[in-house]
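Here's a quick briefing for anyone meeting this structure for the first time. Have a look at the model, then read on.

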Amino acid sequence: MAVAQPAERARPNLRVVAPGELSPRARRRRARILAALTAALVLAGLFGLVAFHVALTEGQLQLDRLQQRATDERDEYDRRRLQVAELEAPERVVAAAQQRLGMVSPPGVTYLSPSGVRTQPPATNTHDQDHTAWPRIKAGLTGRP
């Protein structure tokens, strides 16, 4: 019978480790931590980008609302200016005075000037009087304070 030889034990692969060199386990752990930090940084960047886009969109919506309000207010202002112009129209004022207040056109108009009194014959049409009287009056006032 043969004598059994002692089985060779599996010897670990040993080597000299340089100072500061990490073990494979430590390198894997460091790689996982670096990958997790990189993923967290990318996610934080994406979240910041989404938050910035939301803030930009909200600002644009507010700007659109303000522009619409300004347009509405400008339209209202224009409508009221037209209404005031229509209410101030001389034809409307004369018609309201004659119809509602019972006023009548005077038989004659007397204009006072420093050089004396000048009388104008009554006008047949109040519209003609409005448009033709002023140039004559202005011509009589030329050169006077």
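Accessible areas here come from the Shrake-Rupley method with a 1.4 Å probe, and for residues, only the protein chains shown count as cover. On that basis, the protein chain has an accessible surface of about 13600 Å², with 62% of it belonging to carbon and sulfur atoms. This is a predicted model: local features need pLDDT of at least 70, side-chain atom pairs count only at pLDDT 80 or more, and totals for chains, interfaces and linings use all residues. Residues are numbered from 1 along each chain as its sequence is written, and side-chain values use heavy atoms, leaving out hydrogens and water.

**Confidence**
- The protein chain has a mean pLDDT (the predictor's confidence in each residue, from 0 to 100) of 83, and 76% of its residues reach 70 or more.
- Among the chain's elements, α1 has the highest mean pLDDT (96), while strand β2 (residues 116-120) has the lowest (59).
- Where pLDDT is low, the predicted coordinates should not be read in detail.

**Overall layout**
- You'll find three helices and two strands in the protein chain, counted as DSSP runs numbered from the N terminus (helices are H or I, at least four residues; strands are E, at least two).
- Along the sequence, the pattern goes α-α-β-β-α.

**Where α1 meets α2**
- Helix α1 (residues 24-88) packs with helix α2 (residues 90-99) at an angle of about 55°, and their axes are 5 Å apart.
- The contact (heavy atoms within 4.5 Å) involves E86, L87 and E88 from α1, plus P90, R92 and V93 from α2.

Technical notes:
Axes are lines fitted to C-alpha atoms, for helices over the stretch in contact, and angles run from 0 to 180 degrees between N-to-C directions.
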